[in-house]
Amino acid sequence: MKIFNSRQAVHNYLNELRASGKSIGFVPTMGALHDGHLSMIKLAKQKADVIVCSIFVNPTQFNDKKDLENYPRPVEDDIRKLEKVKCHVLFIPTVNEMYNSAEKWTIELGNLDKILEGKIRPGHYQGVTQIVKKLFDTINPHYAFFGQKDYQQFMVISYMVKKLFVKIKLVLCPIIRETDGLAMSSRNIYLSPNDRKNALALFKALNKVKEHFKTKAILQIKKEVESYLKAAPGIEIEYFEIFNANSFAVTSSKRPASLIALVAAKVGSIRIIDNMILK
Ligand code: AMP
């Protein structure tokens with residue numbers, strides 16, 4: 001695997017491969033890689049010739065300084081994992097390589113950065129779009145892979161790509177879970193054994209939604225699952241919603257072509273998010 005820290009160097013290297021007819025697949029991450037990330041690399045390998053992974057803990061998307069400081073950075077382990085799945089290129093820049101000190105620019109994201117995650121984490125999606133735009137310009141891939149785990153993020157990136165005429169095909173990758181159902185996340189290592197058990201309530205809640213989806217009305221399901229979540233020990237719900245998965249707006253109708261249930265909660269001091277596509 002080739003490792004680059006410099007924007008210009010990785011750009012030049014990939015440009016040459018692109019010019020020689022190779023397709024480029026890009027998997028952006030913040031590192032502390034788990035099987036969810038690695039499954040995206042494997043998926044990317046089925047679609048593209050050259051796979052580029054980036055590891056960058058993006059400061060502009062953190063609204064909690066402590067969370068940024070504490071974010072795990074096991075770089076040596078990450079490199080070993082990427083080599084094992086035969087990733088071709090790793091781009092791992094410093095903060096100074098990606099940002100000037102006093103950079104301030106935003107992208108209009110409609111309602112997307114004002115609801116759910118956007119409401120709880122003000123500025124988060126502006127930070128996400130800033131870094132993803134810069135990474136897209138640097139890597140210039142044919143395909144970019146994003147996890148369904150962060151479904152709202154996928155909607156935000158899709159919006160940006162459309163709005164700025166970015167010629168990159170976005171691919172949504174399935175959520176990879178632990179054997180008991182907890183969605184894998186780099187932050188899960190910070191859950192105490194007890195919180196780890198309590199955290200399962202989110203997956204269980206989503207399963208309840210799915211289970212009742214055919215037989216009960218959306219509002220009824222919402223009411224029941226909300227009470228389940230409220231009664232679940234050790235978790236504090238931030239939101240639980242059923243959305244039209246295409247318009248990304250709340251709905252109480254089953255008519256939209258695709259529906260998704262989304263949940264976020266604090267388990268101890270750790271935020272956990274999860275979702276499930278219902279149709
Ligand atoms: P992160 O490193 O957490 O910023 O995530 C990088 C990418 O991996 C994002 O597109 C996430 O949606 C995706 N991802 C995170 N967790 C999972 C998971 N459990 N399964 C599949 N993809 C994931």
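Lys 210 is partly exposed, with a relative accessible area of 41%, where partly exposed denotes values between the buried class (under 20%) and the exposed class (over 50%), computed with a 1.4 Å probe on protein chains only. The structure is a predicted model, in which local features require pLDDT of at least 70 and side-chain atom pairs count only at pLDDT 80 or more, whereas totals for chains, interfaces and linings use all residues. Residues are numbered from 1 along each chain as its sequence is written, and side-chain values rest on heavy atoms, with hydrogens and water left out.

Lys 210 is placed in helix α10 (residues 200-212); helices (H or I, at least four residues) and strands (E, at least two) are DSSP runs numbered from the N terminus. Apart from neighbours within four places in sequence, Lys 210 is in contact with Met 276, Ile 277 and Leu 278, contact being defined as heavy atoms within 4.5 Å. The C-alpha atoms of Lys 210 and Ile 221, eleven residues apart in sequence, are 9.3 Å apart in space.

Asn 198, by contrast, belongs to helix α9 (residues 193-198) and counts as buried because its relative accessibility is 15%. With neighbours within four places in sequence excluded, Asn 198 is in contact with Pro 233, Gly 234, Ile 235 and Val 267.

Helix α7 (residues 124-139) comprises 16 residues and spans 22 Å from its first C-alpha to its last, close to the 22 Å expected at 1.5 Å a residue; the expected span is 1.5 Å times one less than the number of residues. Of the 16 residues of α7, 15 are buried.

A polar side-chain atom of Asp 150 is 2.6 Å from a ligand oxygen atom, and an N or O atom in the side chain of His 37 lies 2.9 Å from an oxygen atom of the ligand. A backbone N or O atom of Ile 176 is 2.9 Å from a ligand nitrogen atom. The protein covers 92% of the 480 Å² of accessible area that the ligand has on its own, as computed by the Shrake-Rupley method with a 1.4 Å probe.

Definitions and conventions
A polar contact is a pair of N or O atoms within 3.5 Å; within protein, one must be able to donate a hydrogen and the other to accept it, and residues adjacent in sequence count only if both atoms are side-chain atoms.
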